[in-house]
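User: I would like to learn how to read a fold one feature at a time. Could you take me through this one?

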Amino acid sequence: MSTSPDFALAPLLEAFIPVDRDLTTAGVVVALEHAPTPPVSPTVYGGMLYARIRLIGQAVGNLGIDIAHSPSQQTLNLADQTQDYVLETPWREGRAAVWPVCVEGHGHPMKALLESDWRAPFWCCPRDASIRLLIGTHPGRPPRGTDLAP
Ligand SMILES: [Zn+2]
(Lines give C-alpha, C1' and ligand atoms only; values in the text may rest on other atoms or scores of the structure.)
Protein backbone atom coordinates (compact mmCIF):
# COMPACT_ATOMS: atom_id res chain seq x y z
CA MET A 1 0.00 0.00 0.00
CA SER A 2 1.30 3.44 -0.80
CA THR A 3 -0.11 6.51 0.83
CA SER A 4 0.40 10.21 0.92
CA PRO A 5 2.03 11.19 4.21
CA ASP A 6 -0.85 12.70 6.06
CA PHE A 7 -0.92 12.53 9.81
CA ALA A 8 -4.66 13.14 9.93
CA LEU A 9 -5.24 9.90 8.07
CA ALA A 10 -3.39 7.82 10.67
CA PRO A 11 -6.45 6.24 12.35
CA LEU A 12 -7.87 5.22 9.01
CA LEU A 13 -4.58 3.79 7.78
CA GLU A 14 -4.18 1.89 11.03
CA ALA A 15 -7.67 0.37 10.78
CA PHE A 16 -7.05 -0.47 7.12
CA ILE A 17 -3.91 -2.57 7.75
CA PRO A 18 -5.69 -5.99 8.03
CA VAL A 19 -7.87 -5.20 5.00
CA ASP A 20 -4.81 -4.17 3.00
CA ARG A 21 -3.09 -7.42 3.96
CA ASP A 22 -5.98 -9.47 2.59
CA LEU A 23 -6.09 -7.42 -0.61
CA THR A 24 -2.36 -7.83 -1.11
CA THR A 25 -2.51 -11.58 -0.52
CA ALA A 26 -5.25 -11.82 -3.14
CA GLY A 27 -3.18 -9.80 -5.60
CA VAL A 28 -5.28 -6.64 -5.53
CA VAL A 29 -3.09 -3.56 -5.56
CA VAL A 30 -4.55 -0.83 -3.40
CA ALA A 31 -3.46 2.67 -2.55
CA LEU A 32 -5.13 5.15 -0.26
CA GLU A 33 -4.76 8.86 -0.61
CA HIS A 34 -6.15 11.75 1.31
CA ALA A 35 -9.70 12.76 0.49
CA PRO A 36 -10.84 15.95 2.14
CA THR A 37 -13.84 15.64 4.39
CA PRO A 38 -16.83 16.94 2.46
CA PRO A 39 -17.22 20.67 3.17
CA VAL A 40 -20.74 20.35 4.48
CA SER A 41 -22.52 20.62 7.77
CA PRO A 42 -20.32 19.22 10.56
CA THR A 43 -23.43 17.86 12.26
CA VAL A 44 -23.83 15.43 9.39
CA TYR A 45 -20.19 14.63 8.57
CA GLY A 46 -18.53 15.57 11.84
CA GLY A 47 -16.12 12.96 13.11
CA MET A 48 -15.81 11.17 9.79
CA LEU A 49 -12.47 10.59 8.15
CA TYR A 50 -12.19 9.81 4.46
CA ALA A 51 -9.56 8.49 2.10
CA ARG A 52 -9.76 7.97 -1.62
CA ILE A 53 -9.10 4.36 -2.57
CA ARG A 54 -7.35 3.24 -5.73
CA LEU A 55 -7.50 -0.33 -6.99
CA ILE A 56 -5.00 -1.30 -9.67
CA GLY A 57 -4.15 2.37 -10.09
CA GLN A 58 -7.76 3.40 -10.66
CA ALA A 59 -9.48 5.75 -8.23
CA VAL A 60 -12.75 3.98 -7.41
CA GLY A 61 -14.19 6.00 -4.55
CA ASN A 62 -13.83 7.02 -0.94
CA LEU A 63 -13.52 5.01 2.25
CA GLY A 64 -14.83 6.59 5.43
CA ILE A 65 -14.65 5.81 9.13
CA ASP A 66 -16.24 7.37 12.17
CA ILE A 67 -13.35 8.29 14.45
CA ALA A 68 -15.60 7.68 17.48
CA HIS A 69 -15.87 3.97 16.61
CA SER A 70 -13.57 1.31 18.06
CA PRO A 71 -10.63 0.20 15.89
CA SER A 72 -12.38 -3.15 15.33
CA GLN A 73 -15.53 -1.42 14.12
CA GLN A 74 -13.45 0.82 11.86
CA THR A 75 -11.68 -2.19 10.35
CA LEU A 76 -15.03 -3.91 9.85
CA ASN A 77 -16.47 -0.85 8.11
CA LEU A 78 -13.40 -0.45 5.90
CA ALA A 79 -13.47 -4.16 4.96
CA ASP A 80 -17.13 -3.85 4.02
CA GLN A 81 -16.64 -0.67 1.97
CA THR A 82 -13.50 -2.01 0.29
CA GLN A 83 -15.28 -5.23 -0.63
CA ASP A 84 -18.04 -3.23 -2.32
CA TYR A 85 -15.46 -1.43 -4.45
CA VAL A 86 -13.59 -4.63 -5.32
CA LEU A 87 -16.80 -6.39 -6.34
CA GLU A 88 -18.05 -3.40 -8.34
CA THR A 89 -14.77 -2.57 -10.07
CA PRO A 90 -14.10 -4.48 -13.28
CA TRP A 91 -10.41 -4.73 -12.42
CA ARG A 92 -9.83 -7.93 -14.33
CA GLU A 93 -10.88 -8.22 -17.92
CA GLY A 94 -13.69 -10.67 -18.40
CA ARG A 95 -13.59 -11.96 -14.86
CA ALA A 96 -15.91 -11.05 -12.04
CA ALA A 97 -13.99 -10.29 -8.89
CA VAL A 98 -14.81 -12.42 -5.87
CA TRP A 99 -13.03 -11.08 -2.80
CA PRO A 100 -12.28 -12.53 -0.46
CA VAL A 101 -12.90 -16.02 -1.84
CA CYS A 102 -14.73 -18.55 0.31
CA VAL A 103 -13.85 -22.24 0.70
CA GLU A 104 -13.53 -24.56 -2.30
CA GLY A 105 -16.87 -25.07 -4.02
CA HIS A 106 -18.40 -21.83 -2.73
CA GLY A 107 -18.68 -19.25 -5.49
CA HIS A 108 -19.55 -16.37 -3.19
CA PRO A 109 -17.26 -13.93 -1.42
CA MET A 110 -16.95 -14.06 2.37
CA LYS A 111 -18.71 -11.41 4.43
CA ALA A 112 -17.15 -9.07 7.01
CA LEU A 113 -18.65 -9.47 10.49
CA LEU A 114 -17.99 -8.47 14.07
CA GLU A 115 -19.59 -10.23 17.01
CA SER A 116 -19.45 -9.29 20.65
CA ASP A 117 -17.50 -12.44 21.54
CA TRP A 118 -14.87 -11.71 18.89
CA ARG A 119 -12.29 -9.10 19.65
CA ALA A 120 -11.44 -8.56 16.00
CA PRO A 121 -13.59 -8.51 12.87
CA PHE A 122 -13.61 -11.62 10.72
CA TRP A 123 -14.57 -12.90 7.29
CA CYS A 124 -17.45 -15.35 7.41
CA CYS A 125 -19.10 -17.69 4.91
CA PRO A 126 -22.61 -16.34 4.24
CA ARG A 127 -23.98 -19.93 4.23
CA ASP A 128 -22.02 -21.55 7.08
CA ALA A 129 -21.23 -19.35 10.07
CA SER A 130 -18.63 -21.84 11.31
CA ILE A 131 -16.41 -20.98 8.32
CA ARG A 132 -14.61 -17.84 9.47
CA LEU A 133 -11.18 -16.31 9.70
CA LEU A 134 -9.85 -13.07 11.07
CA ILE A 135 -9.62 -10.14 8.69
CA GLY A 136 -5.93 -9.83 7.90
CA THR A 137 -5.34 -13.61 7.82
CA HIS A 138 -7.07 -14.57 4.57
CA PRO A 139 -4.72 -16.77 2.49
CA GLY A 140 -5.77 -15.23 -0.85
CA ARG A 141 -6.97 -18.64 -2.13
CA PRO A 142 -9.95 -20.68 -0.94
CA PRO A 143 -9.29 -21.14 2.80
CA ARG A 144 -8.75 -24.67 4.13
CA GLY A 145 -9.04 -26.20 7.60
CA THR A 146 -5.85 -24.85 9.12
CA ASP A 147 -6.54 -21.34 7.77
CA LEU A 148 -9.84 -21.10 9.60
CA ALA A 149 -10.31 -19.64 13.04
CA PRO A 150 -11.24 -22.15 15.78
ZN1 LIG B 1 -19.01 -19.97 1.73
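Predicted model: local features only at pLDDT ≥ 70, side-chain atom pairs only at ≥ 80, totals over all residues.

User: Where is A59 found, and which residues does A59 touch?

Analyst: A59 is in strand β4. Leave out residues up to four places away in sequence, and A59 touches R52 and R54. Also look at distance in space against distance in sequence. A59 and V30 are 29 residues apart along the chain, yet their C-alpha atoms are 9.5 Å apart.

User: Now a loop. Where does G46 lie?

Analyst: G46 lies in the loop between α2 (42-45) and β3 (48-55). The neighbour count works here as before. G46 has 12 C-beta neighbours inside 10 Å, so G46 counts as exposed. From G46 to D66 is 20 residues in sequence and 8.5 Å in space, C-alpha to C-alpha.

User: Which residues show the buried case?

Analyst: F16 is in helix α1. F16 has 25 C-beta neighbours inside 10 Å, and therefore counts as buried. The cut-off for buried is 20 or more. L32 is in strand β2 (residues 30-34). L32 has 24 other C-beta atoms within 10 Å, so L32 is buried too.

User: Which residues is F16 in contact with, leaving aside its neighbours within four places in sequence?

Analyst: F16 is in contact with L32 and L78. For L32, look at L13. Those residues are 19 apart along the chain, with 8.2 Å between their C-alpha atoms.

User: How do I read a pair of packed helices?

Analyst: Read the angle, the axis distance and the hand. Helix α1 (residues 10-25) and helix α3 (residues 71-88) pack at about 55°, and their axes are 8 Å apart. The two helices are therefore oblique to each other. The crossing of α1 past α3 is right-handed.

User: Which residues of α1 and α3 meet?

Analyst: On the α1 side they are E14, A15, F16, P18 and V19. On the α3 side they are P71, Q74, T75, L78, A79 and T82. By class, the contact has seven nonpolar, three polar and one charged residues.

User: How do I check the length of α3?

Analyst: Compare the expected span with the distance between its ends. At 1.5 Å a residue, the 18 residues of α3 should span 26 Å. The end C-alpha atoms are 26 Å apart, so the two values agree.

User: Which residues of α3 are buried, and what do they pack against?

Analyst: The buried residues are Q74, T75, L76, N77, L78, A79, T82, Q83, Y85 and V86. They pack against α1, β3, β4 (58-66) and β5 (111-113).

User: What should I look for in the peptide bonds?

Analyst: Most peptide bonds are trans. Look for exceptions. The bond from W99 to P100 is cis, with omega near -10°. P100 is in the loop between α3 and β5.

User: Now the whole chain. How many helices and strands does the chain have?

Analyst: There are three helices and seven strands. From the N terminus on, the elements run β-α-β-α-β-β-α-β-β-β.

User: How many of the residues count as buried, and what about contacts across the chain?

Analyst: Of the 150 residues, 27% count as buried. For contacts, look at sequence separation. Among contacts with a separation of 6 or more, residues 24 or more positions apart account for 46%.

Technical notes. Residues numbered from 1 in each chain as written. Axes fitted to C-alpha atoms, helices over the stretch in contact; angles between N-to-C directions. Helix = DSSP H or I, 4+ residues; strand = E, 2+ residues; numbered from the N terminus. Parallel < 35°, antiparallel > 145°, perpendicular 65-115°, else oblique. Left-handed = near helix turned anticlockwise from the far one by under 90°. Contact = placed C-beta atoms within 7 Å. Nonpolar A, V, L, I, M, F, W, Y, C, P; charged D, E, K, R; others polar. Expected span 1.5 Å × (residues − 1).
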